Each structure stands twice: as structure tokens, then as C-alpha cells.
Amino acid sequence: MKKGDYYVIVSVLALCVLLFIPSFLPSGEKTAEVYVDGERVKTVCLTSLKTEERFEAAGCEILFEKDGASFIKSDCPDQLCVKCKKLKMNGDSMACVPNRVVVTVRAEKENNYDIVAY
Amino acid sequence: MKNMTKAQKTALYGILSALALLLSVLENYLIPDIPFLPPGAKIGLSNIITMLTASLSGFSGAIYITLLKGLFAFITRGATACIMSLSGGILSTAVLCLILRLNKDKLSFVGIGVLCACFHNLGQLAAALVISGTPMLFNYGKYLLIFAVITGTATGLCLNILMPRIEAALRTA
């Protein structure tokens, strides 16, 4: 190990800490968004969910719950999306790359969507 | 390395490629999903071989191993895995060779390994962004970076121990 190694490790970890800051910012309404091919196909306000909700998109099945969203089924070969834990924090995102489906969770102070399209 | 005959080089590349593929298989099938590891994150054992090849024979040898790994991923795990393997592999190999050329004594293999792992993840993340067309995915990078530090350090320590011995063995060969 050389001195430069420690600089590299410390600076990468510092970058991680910076990137993690948005996750811990105070949050308001929690919404989950589903994208297929980069287009938003569904937006769910998680905070106001009363029961869990399921949604199917491009071979993936996504479960929305009050505290987060997760992939529960997918027809892709690697199943990485299903293995991923529930997305809970602001900015948390997970993709099923073979199916081009992305789920992302936002927890922002105000809800800046005028229309929710299904 | 320079005074090797063509046959010796061919044999050495053969051994190194076989080792790289074997280590990829090992980490795919034998090491189960570690619970706290983010999905998609891997230890990068075969990166040991890429770094070893790069420091022995430079960019050409390392990129050859990387391309072979991509082909292997395509055959065993399909097109997406191949794109992921190549996007990360080519970027990290390029960075690796750049570091090796620019600075021989400031970093040991630990620092180089961590940087390679980071750029490997960056390449893969960029590929995932392009395929899915969703920039929000970039957020996943912070989880990958933490593990890049851990896995990069692990592979780097392996090489710190291995490299002097391999170089000594090649000198006497």
C-alpha cells in the first residue's frame, strides 16, 4: 500500500457521502415513477396509498406499498431487478435493463405534477 | 515478457484468458448473492487478471482479455450481460493502462484497483442509462461506488502480493 492509495480511497468515499446527501434530506410526499424506454408510464403517490398496488409494464411486475416500491416479477434472465431491495429514499432507482423498465422514488416537499397519467 | 517467443506469449495469454473466464464463472455461480451487496455488484475477481495482464504486456493484452470476457458473457448470459461487461471492461481497461503509463510509483495496485472498479461501474451505469433512457438511474451509482472501494481494495491486495512473485517467476522462465 502506498500513500496515493489512501488518497484514492478517501476521495471515492467522500464522493459517496456527497451522493448520499439527497437521500437524507427532509422529505414530504413520496411518489414512485415507472419509466419504460425513458417514457414515464405511471406515477403513484405512495404516501396516500391505502392498500398495496401492483402494476405490470413490459414484462415486469412492480409492487407499490406505502413505504416504497419494488420489482416483484420479471421475465428477464438475470432477475437483478427482483433481487433489489425496496426503493424507499428520495432518488432511489432501480432498472430492469433487459426490459428497459426503471422505477424511481422521489420524496419532495411539494408535488409538482399537474396531471397524473396512467 | 519482451524476450518471450511467440509460442510462449500465446501460451501465457491462453493461461491468463482461461483464468479470467474461470474467475468470472466462479463469482457468478459459486459465490451466492451476498445480502447487503447491491444487486448487479460483483467482486470483480477477473479484474485481477486484467490488471495483471495490463502490467505485464500493456493495453493490447488487457483489452484482448476484456473482449474475450465480453464474448463469454454473451454466450453464457445473453446480450445485456455482454453490453454490461464490455462497457465497464473497456472503460476500466483504458483507465487502467492510462494510470500504469502515467504513474508507476504513486499508487500500488490497491489504488489502481479501486479506480478501475469505479470506472468499471461508471461504464456499466452509463450503458444502463443509455439502454433504459432514464437518467434517474444514475442515483444507483452511490451504492456501487462504496462496493467499488471494497472490491477494488480486495483485488488490489491480491495483486500486491501476487505481482512480485509472478514477475520473479517470469524473469527466471
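**Group meeting: a two-chain predicted model**

I would like to start inside chain B, at B:Leu159, which sits in helix α6, the stretch covering residues 141–172 of that chain. Please keep in mind throughout that what we are looking at is a predicted model. B:Leu159 counts as buried, because 21 C-beta neighbours fall inside 10 Å of its own, and the cut-off for that label is 20 or more. Which residues does B:Leu159 touch, once those up to four places away in sequence are set aside? They are B:Ile48, B:Met51, B:Leu52, B:Phe109 and B:Gly113.

For chain B the mean pLDDT is 86, with 91% of the residues reaching 70 or more. Within chain B, confidence is lowest in helix α1, residues 6–30, where the mean is 87, and highest in helix α4, residues 79–102, where the mean is 91. For the complex, the predictor gives an ipTM of 0.80 and a pTM of 0.79.

Turning to chain A, we find two helices and seven strands, and reading along the sequence gives the pattern α-β-β-β-β-β-α-β-β. Chain A has 118 residues, of which 33% count as buried. If we take the contacts in chain A with a separation of 6 or more, 34% of them join residues 24 or more positions apart.

Two loop residues in chain A deserve a look at the backbone. A:Asp37, in the loop between β1 (29–36) and β2 (39–45) of chain A, has a positive phi of about 55° although it is not a glycine. A:Asp37 counts as partly exposed, because it has 14 C-beta neighbours inside 10 Å. A:Ala58, in the loop between β3 (53–57) and β4 (60–65) of chain A, also is a residue other than glycine with a positive phi, in this case near 45°. With 16 other C-beta atoms within 10 Å, A:Ala58 is therefore partly exposed.

Now to the place where the chains meet. In total, 30 residues of chain A are in contact with 31 residues of chain B. On the chain A side, the elements that give two or more residues are α1 (3–24), α2 (80–83), β6 (93–96) and β7 (101–108). Of these, α1(A) gives the most, with 10 residues. By class, the chain A side has 18 nonpolar, five polar and seven charged residues.

α1(A) packs with helix α5 of chain B, residues 109–132, at an angle of about 30°, and their axes are 8 Å apart. Why do we call the two roughly parallel? Because angles under 35 degrees count as roughly parallel, α1(A) and α5(B) fall into that class. Their crossing is left-handed. On the α1(A) side the contact is made by A:Gly4, A:Asp5, A:Val8, A:Ile9 and A:Val12, and on the α5(B) side by B:Val110, B:Gly111, B:Val114, B:Leu115 and B:Cys118. The residues of this contact divide into seven nonpolar, two polar and one charged.

How values were computed: Residues are numbered from 1 along each chain as its sequence is written. Chains are lettered from A and ligands numbered from 1 in the order in which they are written. This is a predicted model: local features need pLDDT of at least 70, side-chain atom pairs count only at pLDDT 80 or more; totals for chains, interfaces and linings use all residues. Helices (H or I, at least four residues) and strands (E, at least two) are DSSP runs, numbered from the N terminus. A residue is buried if 20 or more other C-beta atoms lie within 10 Å of its own, exposed if 12 or fewer, and partly exposed in between; C-beta atoms are placed from the backbone. Two residues are in contact if their C-beta atoms, placed from the backbone, lie within 7 Å. Ala, Val, Leu, Ile, Met, Phe, Trp, Tyr, Cys and Pro count as nonpolar, Asp, Glu, Lys and Arg as charged, and the others, Gly among them, as polar. Axes are lines fitted to C-alpha atoms, for helices over the stretch in contact, and angles run from 0 to 180 degrees between N-to-C directions. Angles under 35 degrees count as roughly parallel, over 145 as roughly antiparallel, 65 to 115 as roughly perpendicular and the rest as oblique. A crossing is left-handed if the near helix is turned anticlockwise from the far one by less than a right angle, and right-handed if clockwise. pLDDT is the predictor's confidence in each residue, from 0 to 100.
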